Amino acid sequence: MSQPPRSHRAHRGERNGDNRHYRDSHDDRRPSPDRSSSRPPYYPREADSPPKHAREAPRVEHQQSKCTYICSRRGIVLICSVLTNSLVLICVVAAQMVTSGMSSAAGLGGFNINSNFNLQGTELQKVRELDMQYSQMRAPGIYGGIAFSLTLGVLSLLFVVSGTKPPHMMSKKLLYGALVFQALGAAAYVVAVGLYLHFIIGVNATDVCQQRERLYARNGYTWMSCNVSGADAAVALFGLITAILYTAGTVLTIRTIRGVRRYLQERKDRSRPRPMRAEITSV
């Protein structure tokens, strides 16, 4: 009577043993911590390809590159030199208008000479003649200043526009041309300011200017003097500022050229094939 429970118990033991054997076999298939740590982690294939926004990032940078390279330090200095050249041009024209005399301004239709001038008869005719002579004497300095500032301003603007590419992609002739232009422009502006002031002082020291000053002062117009006017001083001031800007641009262009040389040399060294190492054989 005791055999059936034993057989039932043995049968249940065998079934439990099979279950344990099944769990042990599955545990053996699972990777152990030691094995998983030695294997490299698995990454899906989608991680190899960059996401869509990462592929589009260089395109956005390429679209903003023009403004980026124009607004570099070298480009900003050139832009400032364009503005100072414009100020020099404006001050040269203003100096001519201020020192030309009231009779010349009246001829432009600004006001009626008969109602605003106390001069009459021979004095009025004498003032007109002196104003005409004085304007003709100042004409070389005025026209020379206009042509000089306008030429350098336009050339500076052309170099600004041409700087829309990275320095290593620009032509070497363009970089060296900008270097020579700014170096010569700095020296030329210093010389031009000295010549302009020397010319204006020489014209103001003539008898024509002295007679004009006495005639205007006799009738209460003391502002028409033979000293250097404020507009002429502004021409000299902005001219010297432009020379300083060209000097700074020359230094920055030299640094840019050196950086381009260094970059091209490093890229050439990276692209050069490396020599194969000789195998060491033991005897």
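Reader: What should I know before I start?

Author: Residues are numbered from 1 along each chain as its sequence is written, and side-chain values use heavy atoms, with hydrogens and water left out. This is a predicted model, where local features need pLDDT of at least 70 and side-chain atom pairs count only at pLDDT 80 or more, while totals for chains, interfaces and linings use all residues.

Reader: How many helices and strands does the protein chain have?

Author: Helices (H or I, at least four residues) and strands (E, at least two) are DSSP runs, numbered from the N terminus. Here the protein chain has 11 helices and 0 strands.

Reader: Thanks! What share of the protein chain counts as buried?

Author: Buried means under 20% relative accessible area, exposed means over 50%, and partly exposed lies in between (1.4 Å probe, protein chains only). Of the 283 residues in this chain, 29% count as buried. Accessible areas come from the Shrake-Rupley method with a 1.4 Å probe, and for residues only the protein chains shown count as cover. The chain exposes about 20000 Å², with 59% of it supplied by carbon and sulfur atoms.

Reader: And how do I read contacts? What does T242 touch?

Author: Contact means heavy atoms within 4.5 Å. In the protein chain, 85% of the contacts with a separation of 6 or more are between residues 24 or more positions apart. T242 lies in helix 11 and is buried, at 0% relative accessibility. Leaving aside residues up to four places away in sequence, T242 touches S81, T84, N85, V88 and Y189.

Reader: Now pockets, please. Which residues lie nearest the centre of the largest pocket?

Author: On a 1 Å grid over the protein atoms alone, a pocket is an open set of points where a 1.4 Å probe fits, with protein on both sides within 12 Å along at least five of seven lines; lining residues have an atom within 4 Å of a point. The largest pocket has 12 lining residues, with R73, P167, L252, R255 and T256 nearest its centre. Helix 5 (73-99) and helix 11 (230-271) are the elements that each give two or more residues to this lining. The largest share, 5 residues, comes from helix 11.

Reader: What classes of residue line the second largest pocket?

Author: Ala, Val, Leu, Ile, Met, Phe, Trp, Tyr, Cys and Pro count as nonpolar, Asp, Glu, Lys and Arg as charged, and the others, Gly among them, as polar. The lining of the second largest pocket has 11 nonpolar, 4 polar and no charged residues. In the largest pocket, the lining divides into 4 nonpolar, 4 polar and 4 charged.
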